[in-house]
Amino acid sequence: QGTVASKMPRIVVVSENSIHDINKDMGVSRDRMRLVPVGVDPELFKPLPHVTRQPGRLITTASADVALKGLSYLLEAMAKLRTERDLRLTIIGKPRPGHSMDLIESLGLKPYIDFVSGVPDERIVELYAEAELAVVPSLYEGFSLPAIEAMSTGICLVATDGGALPEVTGQDGDTVLQCPAGNADALAATLRRGLDDAELRQRVGLAGRERVVSRWSWRHCAELTVDQYREVLEMPHNKAKLAKRG
């Protein structure tokens, strides 16, 4: 990636945090990068007032069983909280042999976890509507599409401060409930904070949706992408190519 990036006249990057990391780790100058975030369809990922939220239901996305996604910290936090209350966790993803499944078994959580995969987006939206809190426990994210999809549905999001997550999710207590990455105790405390306060969940969930709709609709992202096409076409070497072709 570093070799290719160093040769590109323009790189489109999804977050300011990623721009910083690419500059620091790959030596790509900031003036060759532009911010164009990914987006969400707020007409699809929307609140469903007719669906009743299930007390103690959490939901997260696990696209891969890799350490950076932080699922192990969520499982440990859930095990701690289950000593004091009834909790269930929906994981959007497939159960795969590996560290997470081993941890689920060792913590005795298997009866309280539901894996869901291969369903349409409409069902994913329903699952968000059924849960009280959505969780993104990642150690690092370059952006986090699951975060904005969850926020767009109006559910209260609990997320870490890993990578670009604070940039995406906003201020703690305003549009997200935030905790330090890689800390199961802190994650458990933040989940407890959300589960114990219905008014906080509702306020943060509504504000989170407003944040997403105003910043990350696909239309807005498409407009920014078109702007980049135009900028690249106006670069001197591209104008020279067009002129040569007549």
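Modeller: Start with the definition of the elements: helices are DSSP runs of H or I with at least four residues, strands are runs of E with at least two, and both are numbered from the N terminus. On that basis the chain has 11 helices and 8 strands. Keep in mind that this is a predicted model.

Biologist: What are the dimensions of the box filled by the C-alpha atoms, and what share of the residues is buried?

Modeller: Taken along the principal axes, the box is roughly 70 × 35 × 35 Å. Of the 246 residues in the chain, 46% are buried. The accessible surface comes to about 12400 Å², and carbon and sulfur atoms hold 53% of that area. Among contacts with a separation of 6 or more, 67% join residues 24 or more positions apart.

Biologist: How should I read a pair of packed helices?

Modeller: Two packed helices are described by the angle between their axes and the distance between the axes. Here the axes of α3 and α4 (residues 99–106) come within 10 Å and cross at roughly 10 degrees. Angles under 35 degrees count as roughly parallel, so α3 is roughly parallel to α4. On the α3 side the contact is made by Leu71, Ser72, Leu75 and Glu76, and on the α4 side by His99, Ser100, Leu103 and Ile104.

Biologist: Which residues of helix α5 are buried, and which elements do they pack against?

Modeller: Helix α5 spans residues 121–130, and its buried residues are Ile124, Val125, Leu127, Tyr128, Ala129 and Glu130. They pack against the strands β3, β4, β5 and β6 and against helix α6 (145–152).

Biologist: Let us take single residues. Is leucine 133 buried or exposed?

Modeller: The cut-off for buried is under 20% relative accessible area. Leucine 133 counts as buried because its relative accessibility is 0%. This residue sits in strand β6. Beyond its neighbours within four places in sequence, leucine 133 has contacts that include Arg57, Leu58 and Ile59, as well as Ile155, Leu191 and Arg201.

Biologist: How many salt bridges are found in the whole structure?

Modeller: The search finds 17. A pair qualifies when a side-chain nitrogen of Lys or Arg is within 4 Å of a carboxyl oxygen of Asp or Glu. One of them joins arginine 192 and glutamate 84, with N to O at 2.9 Å. Arginine 192 is partly exposed at 29% relative accessible area, and glutamate 84 is partly exposed at 42%. Glu84, Arg85, Arg192 and Asp196 are linked in a network of salt bridges.

Biologist: Which parts of the chain does the salt bridge between aspartate 114 and arginine 88 tie together?

Modeller: The side chains of aspartate 114 and arginine 88 meet at 3.0 Å, N to O. Aspartate 114 lies in strand β5 and arginine 88 in strand β4, so the bridge ties together parts 26 residues apart in sequence. Aspartate 114 is partly exposed at 25%, and arginine 88 is partly exposed at 27%.

Biologist: Are arginine 201 and glutamate 132 buried or exposed?

Modeller: Both are buried. They form a salt bridge whose closest N and O atoms are 3.2 Å apart. Arginine 201 is in helix α9 (residues 198–215) and glutamate 132 in the loop between α5 and β6, 69 residues apart.

Biologist: Finally, which residues make the nonpolar surface patch?

Modeller: Val66, Leu68 and Tyr140 make a nonpolar patch of about 250 Å². Residues in a patch need over 30% relative accessible area. Valine 66 is partly exposed at 42% and lies in the loop between β3 and α3.

Note on methods
Residues numbered from 1 in each chain as written. Predicted model: local features only at pLDDT ≥ 70, side-chain atom pairs only at ≥ 80, totals over all residues. Heavy atoms only, no water. Patch = residues over 30% accessible without salt bridge, like charges linked within 9 Å, V, L, I, M, F, W, Y side chains within 5 Å. Areas by Shrake-Rupley, 256 points an atom, 1.4 Å probe, with all protein chains shown as cover. Buried < 20%, exposed > 50% of the residue type's maximum accessible area, 1.4 Å probe, protein only. Contact = heavy atoms within 4.5 Å. Axes fitted to C-alpha atoms, helices over the stretch in contact; angles between N-to-C directions. Parallel < 35°, antiparallel > 145°, perpendicular 65-115°, else oblique.
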